[in-house]
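I opened my notebook and went through one structure, a piece at a time. Come along and check each entry against the view.

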Amino acid sequence: MLPSPFQFERPSTIADAVRAVGDSGDGMFYAGGTELLLALKMRVIRIDRLIDIKGIPGLDCIAVNGMNEIEIGARCTHRKISGDPVIREHVPALASLCAEVANIRVRNVGTIGGNLCFGEPHADPPTMLAALNARLVLEGSRGTREVYADDFIRSEMETVREPDELLRVIVFPRPAGPVTYRRFKHGERPSVNVAMAWSLNPGRSTITSARVRVGALGSRPQPLTIVEGALRNVAVAEARRAIETALPAALDQLEVNADRHGGADYKRHLAGVLLLRNADEAIIAGGSWPK
Amino acid sequence: MTQVLAISFSLNGKTIAVDVPAHVLLIDLIRDRLGLRGTKRSCDMEVCGACTVLLDGEPISSCTTLAVDVDRRAVTTIEGVTPPDGLSRIQEAFVLHGGLQCGFCTPGFIMAVTALLETTPHPTDAEIRHYLDGNLCRCTGYTKIFEAVKSLARRQDAA
Ligand SMILES: Cc1cc2nc3c(=O)[nH]c(=O)nc-3n(C[C@H](O)[C@H](O)[C@H](O)COP(=O)(O)OP(=O)(O)OC[C@H]3O[C@@H](n4cnc5c(N)ncnc54)[C@H](O)[C@@H]3O)c2cc1C
Ligand code: FES
Ligand code: FES
């Protein structure tokens, strides 16, 4: 099917792109188009203008900055992230995550920024980025602001981003321990996913803090705060037992939608299974951290 | 009002210039305007891979790509990888191994395999499965397609 006609603009700076979206009529940023074009073809979104951000230089950089943080430009494709040397070295779990998103064609053009801004609950990157405590840097007509990944998705298909705010870059501290991620899917997109990031003490024997996020069950990734509490200052070797003890209460707190991906109890159970597998992987990885 | 843009791109190695409305999809430009009908449309939602073409050597879904996005880039379709006097190595392997029946998915598979072998001449079994995961075939059950691709990886190893 063909989308309805629209005007197509190719700004070459962030400021011009922001201005173009703010102009009269409905304008939207356009990156890989893997979500947007589907919505336009199905006529569930109507727009007057597409603002192509692919011509703006600098939006597809990946680097470690001076604050020991990792920066990923919003326009980076899944393919680029999965093969990037910085990501493979410091956050290999994110590289593998991006290598498994969708299919080869979507990974070639679909961007991490487009994935986040679409706000689809059945997505992989939002869960991992929340576990990594990432910040999303937005550039709008009223200046720059940062939003934590945890606060970015408001509800299903809705984020806190204003229409004229461009997501420029995603920033998170370089992990100080193993990061693990697992998902289960039987269709195109994840039914349940779990990300866990540990910070270890210098001797690598103890977890100083842990962040655990479960995604795709509700409208946005949810923290497993009871598990996080149970892991604080726990010996790596004791991590599995600590999680097992905390798990029933933690899973009970999750908001779980029953949908075509499965019933609520089933998916809650899967979240526990994935978390324990992540733990087994992290325990082994922890002993050899950093590589 | 329909905005028409002038684009020029390489199509199967030949540079062409066309005027296209901004909202026209690449698959319609290729099939309807330029008459190359080897590229197929099936799901129309980036799931099946029947519409796969290469953009600068990488597979994309032409059903969900704007024609204006290929401006100043290189597009390769199934016509571009088919020798005038017969079949390519990859096409031959599909025939030999029974990797096609109705043939509707075949152009998409051939394009994906072309891109795979270009970057990874000796893919492992897992690499083949992972790369072709997003191309769907309703006829063959995939095993014969997999064997066709595997034969290419092997034959090169022996050479
Ligand atoms: C068949 C299929 C399978 C998929 N499977 C998975 C999966 O397994 N896991 C998963 O996580 N995802 C999956 N996806 C989703 C995929 O990850 C996204 O389609 C892709 O990353 C979106 O990026 P894009 O650049 O194409 O976004 P676009 O379609 O260009 O844009 C999406 C939205 O984001 C906005 N936008 C884009 N970039 C910016 C920016 N920098 N700043 C502000 N707004 C912006 C646009 O205005 C639009 O509203 C799948 C998609 C398809 C089609
Ligand atoms: S028709 Fe384009 S992917 Fe199915
Ligand atoms: S041969 Fe018929 S769909 Fe693949």
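**Entry 1: the helix in chain B**

Which residue follows H2(B), and is its phi positive or negative? I looked it up in this predicted model: Gly98(B) comes after H2(B), and its phi is positive, near 70 degrees. Then I went back into the helix, residues 89–96 of chain B, and listed its buried residues: Ile90(B), Gln91(B), Ala93(B) and Phe94(B). They sit on the same side of H2(B), because they cover an arc of only 160 degrees around the axis.

**Entry 2: a helix in chain A**

Next I turned to helix H5 of chain A, residues 92–100. I noted Ala93(A), Leu94(A), Ala95(A), Leu97(A), Cys98(A) and Ala99(A) as its buried residues. The residue I checked after H5(A) was Ala102(A), which has a positive phi near 50 degrees.

Met157(A) is not a glycine, yet its phi is positive, near 60 degrees. I found Met157(A) in the loop between strands E8 (153–155) and E9 (158–159) of chain A. With a relative accessible area of 42%, Met157(A) is partly exposed.

In chain B I picked out Tyr142(B), whose phi is positive at about 75 degrees. Tyr142(B) belongs to the loop between helix H4 (125–132) and helix H5 (143–158) of chain B. Its relative accessibility is 36%, so I wrote down Tyr142(B) as partly exposed.

**Entry 3: the second largest pocket**

How much space lies in the second largest pocket? I read off about 680 Å³. I counted 32 residues in its lining, with Lys54(A), Arg75(A), Val109(A), Leu55(B) and Arg73(B) nearest the centre. Helix H6(A) gives the largest share of that lining, four residues. By class, I noted 15 charged, nine polar and eight nonpolar residues in the lining.

**Entry 4: around ligand 1**

Last, I looked at ligand 1, which has 35 residues around it. Phe29(A), Gly32(A), Thr34(A), Thr111(A) and Asp124(A) come nearest. The site is shared between chains, because residues from chains A and B surround ligand 1.

- A backbone N or O atom of Phe29(A) is 2.6 Å from an oxygen atom of ligand 1.
- For Ala31(A), a backbone N or O atom lies 2.9 Å from an oxygen atom of ligand 1.
- Asn115(A) has a polar side-chain atom 2.9 Å from an oxygen atom of ligand 1.

Conventions. Residues are numbered from 1 along each chain as its sequence is written. Chains are lettered from A and ligands numbered from 1 in the order in which they are written. This is a predicted model: local features need pLDDT of at least 70, side-chain atom pairs count only at pLDDT 80 or more; totals for chains, interfaces and linings use all residues. Side-chain values use heavy atoms; hydrogens and water are left out. Buried means under 20% relative accessible area, exposed over 50%, partly exposed in between (1.4 Å probe, protein chains only). Helices (H or I, at least four residues) and strands (E, at least two) are DSSP runs, numbered from the N terminus. The arc is that of the directions from the helix axis to the C-beta atoms. On a 1 Å grid over the protein atoms alone, a cavity is a set of points where a 1.4 Å probe fits but cannot get out, and a pocket is an open set with protein on both sides within 12 Å along at least five of seven lines; lining residues have an atom within 4 Å of a point. Grid points are joined across faces, edges and corners, and a volume is the space filled by probe spheres set on the points. Ala, Val, Leu, Ile, Met, Phe, Trp, Tyr, Cys and Pro count as nonpolar, Asp, Glu, Lys and Arg as charged, and the others, Gly among them, as polar. A residue is near a molecule or strand if one of its heavy atoms lies within 4 Å of it. A polar contact is a pair of N or O atoms within 3.5 Å; within protein, one must be able to donate a hydrogen and the other to accept it, and residues adjacent in sequence count only if both atoms are side-chain atoms.
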